[in-house]
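Student: I have the sequence and the model open. Can we work through them in short questions and answers?

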Amino acid sequence: MSSRGREVWWAYGLMAPALVLMVGVMAYPVGWEAWVSLTDLSPLNDGPAKFVGLENYRRLAGDVQFWWAATVTVVFAVVTSAVKLAVGVGFAMLLARPFRGRALVFLAIFLPWAYPASVSVIGWYWTLNPPIPTAYSAFMSSMKASVDHALGGGAWAFLSVTLFNVWRGSSFIGVFLLAGINAIPPELFDCARLECSGWRRFWLVTVPLLRPFLALAVFLSLTTAFSDLANVWMLTAGRIVFPVIGTQAYWLAIKGGQFGPACALALVLVPFLLAALVVLFRSFDPPAEARA
Amino acid sequence: MNGRAGWRRLVHGGLLVVTTLYCVFPIYFMFVQSLKTAQEDVFGNPWIVVNPTLENFEELFERKGQAHNFVGRVLQRDYPFFVWLQNTLVIFGGSVAITLVAGVLAAYGLGRLQPPGFRWWRRAIFATYVVPHTILFVPLYQVVIRLGLDDNLFVLLLVYPTMALPFCVWILSAYFQHLPRAIEESALVEGASRVTAFVRVVLPMSRPVLVAAGIFALGTIASDFTLASVFLLSAHNQTIPAGLATMEVALDELLAVAGINLMAIPVVLVCAMFARGYVRGLTAAMVEGA
């Protein structure tokens, strides 16, 4: 066997553990979800599940609640991603040049992401919606009452999800973009400093050079926003007034026992995310020739 | 003194202060709560702690085996916190290790040996991030039961790595791909085998990227609480996030806040220790031939 041929076999062998893990954990669940979304599977029905084709999807398209949840989800994802990106870019720019105490500010910016979300989300929830009388609960309750009064019940809980998402996400993006800025040779900035100033330099030099990092950050932010069921669930303690697609699917499946429609609901967004990924790949994974 | 430069410095300084407060305040707030006595939690000043005490932390470990207390007419549960702590350590350490080993192997295969279509392999692995986790645990549970692994800690050792692997494979393989070939070849010329060259030359060089992958994996794994609470049912099998979610908030608020801190502080310390390496590694991975 040629040495190249052997190399290729070695490559497959080395990829095997990761692939087995990914396929082993994901393949069956994803396949199940796709198949069930085409049936009327439900523990409430007698007999085996019937194949219903695209009926579940068709029914979604005519459902007012679905469109409401879809709107909330998309608005939530786009708004939080934009804010996270803006704040993250701000953090990265703030840290770009050396100053006294930079290491400390960097650590502070790194903290919200490093602090495990599994437990900080619980802390946020109790702080913003205190379950028992504490020294701050009167203040928080009045905030909650006034926000809910102005925007409708549950608005405060939704706002706290948004705040949490932005707080944690901007930290990740800030640190990630700082890594991107470090990759830009300082001479480039110095040249640009002579040519043009301020905003123009930012749009003409910094943003294009950071593009791969920005694209990757946007993608990760979008996927977490779309699938952030846990945060919404936890931060609203299941009392969901502004449903997102994730919570609606969960509700349908676990409380309603309607697995068919729930699976359809869960999968509805996948094509859009894939399309976004394909577009973004061009930015952060350009073909070899273009990388010069 | 130049007026304009003075303003600039003032704005910069102001932004730094605002940034730091915005990032640290929620964490500070949770930390302060955990140091309070029940008395101070209700009547004290919410911003500060006047009589800091570690009794909440002590109670976390001591509650077990003690006579049950009654608050009003409700029985206070006891929590096997020490067991949760051990489970969490095993799961986090194990998952990060599995992620790194599987990730490095795959990344070397993809980035260095470059089988046909390796870009598409890499993209396909990364594309698994579009799968929403919403109700994925329902079919996953079927698999778990079929394997006889329900309510077993080791399920998470299989599931957690898949959450971090795509990103880790991505940055590691990008790094290996752009590493100059000459580095390994000189070792090969001197008669070292490919494996030796990898272990002796390539791995030590990639330390920052390994750190970046490891920290990303730890951050991702530590943020999950849905899967942990779905798969780990009995109290002695739970990790801290899953266990805390079962706590009776109304009775044990301070205890739970102490639990939050006890889990978060070690994770934060590890992350902080490697924070610089994390940034350096991300830079190295995204820049060719770094």
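Student: Is B:Gln114 buried, partly exposed or exposed?
Tutor: Keep in mind that this is a predicted model. B:Gln114 sits in the loop between H4 and H5 of chain B. A residue is buried at 20 or more other C-beta atoms within 10 Å, and exposed at 12 or fewer. B:Gln114 has 18 C-beta neighbours inside 10 Å, so it counts as partly exposed.

Student: What is the phi of B:Gln114?
Tutor: B:Gln114 is a residue other than glycine.

Student: Where does B:Asp151 lie, and what is its phi?
Tutor: B:Asp151 lies in the loop between helix H6 (137-146) and H7 of chain B. It too is a residue other than glycine with a positive phi. The value is near 55 degrees.

Student: Is B:Asp151 buried, partly exposed or exposed?
Tutor: Count the C-beta neighbours inside 10 Å: B:Asp151 has 14. Buried needs 20 or more, and exposed needs 12 or fewer. So B:Asp151 counts as partly exposed.

Student: Is B:Arg122 buried or exposed?
Tutor: B:Arg122 is placed in helix H5 (residues 118-127) of chain B. It has 22 other C-beta atoms within 10 Å. The cut-off for burial is 20 or more. B:Arg122 is therefore buried.

Student: At what angle do H4 and H7 of chain B pack?
Tutor: H4(B) covers residues 81-113, and H7(B) covers residues 154-178. Their axes are 7 Å apart. H4(B) passes H7(B) in a right-handed crossing. The packing angle is about 35 degrees.

Student: Which residue classes make up the contact of H4(B) with H7(B)?
Tutor: Sort the contact residues of H4(B) and H7(B) by class. One is charged and seven are polar. The nonpolar class has 19.

Student: Which residues have the most contacts inside the largest nonpolar core?
Tutor: This core has 158 residues. H7(B) gives the largest share of the core, 16 residues. The residues with the most contacts inside it are B:Cys168, B:Ile171, B:Leu172, B:Ala212 and B:Ala213.

Student: Why does this core lie between domain 1 and domain 2 of chain B?
Tutor: Look at which domains contribute. Domain 1 covers 3-53 and domain 2 covers 81-286. The core lies between them because residues come from both domain 1 and domain 2 of chain B.

Student: Which residues does B:Ile171 touch, leaving out those up to four places away in sequence?
Tutor: B:Ile171 is among the core residues with the most contacts. Its partners here are B:Val209, B:Ala212, B:Ala213, B:Leu282 and B:Ala285.

Student: Which helix gives the most to the side of domain 1 of chain B that touches domain 2 of chain B?
Tutor: The C-alpha centres of these domains lie 32 Å apart. Their contact takes seven residues from domain 1 and five residues from domain 2 of chain B. On the domain 1 side, H1 (3-34) and H2 (38-43) each supply at least two residues. The top contributor, with four residues, is H1(B).

Student: How many residues of chain A are in contact with chain B, and which helix of chain A gives the most?
Tutor: On the chain B side, 74 residues take part. On the chain A side, 62 residues are nonpolar, 11 polar and four charged. Chain A brings 77 residues. With 18 residues, the leading helix is H1 (residues 3-36) of chain A.

Student: Is A:Leu280 buried, partly exposed or exposed?
Tutor: A:Leu280 lies in helix H13 (residues 270-284) of chain A. It touches A:Ala215, A:Val218 and A:Phe219, not counting residues up to four places away in sequence. It has 19 other C-beta atoms within 10 Å, so A:Leu280 is partly exposed.

Technical notes: Residues are numbered from 1 along each chain as its sequence is written. Chains are lettered from A and ligands numbered from 1 in the order in which they are written. This is a predicted model: local features need pLDDT of at least 70, side-chain atom pairs count only at pLDDT 80 or more; totals for chains, interfaces and linings use all residues. Axes are lines fitted to C-alpha atoms, for helices over the stretch in contact, and angles run from 0 to 180 degrees between N-to-C directions. A crossing is left-handed if the near helix is turned anticlockwise from the far one by less than a right angle, and right-handed if clockwise. Ala, Val, Leu, Ile, Met, Phe, Trp, Tyr, Cys and Pro count as nonpolar, Asp, Glu, Lys and Arg as charged, and the others, Gly among them, as polar. Two residues are in contact if their C-beta atoms, placed from the backbone, lie within 7 Å. Domain bounds come from an automatic or database domain assignment. A nonpolar core is a set of buried Ala, Val, Leu, Ile, Met, Phe, Trp, Tyr and Cys residues joined through C-beta atoms within 7 Å.
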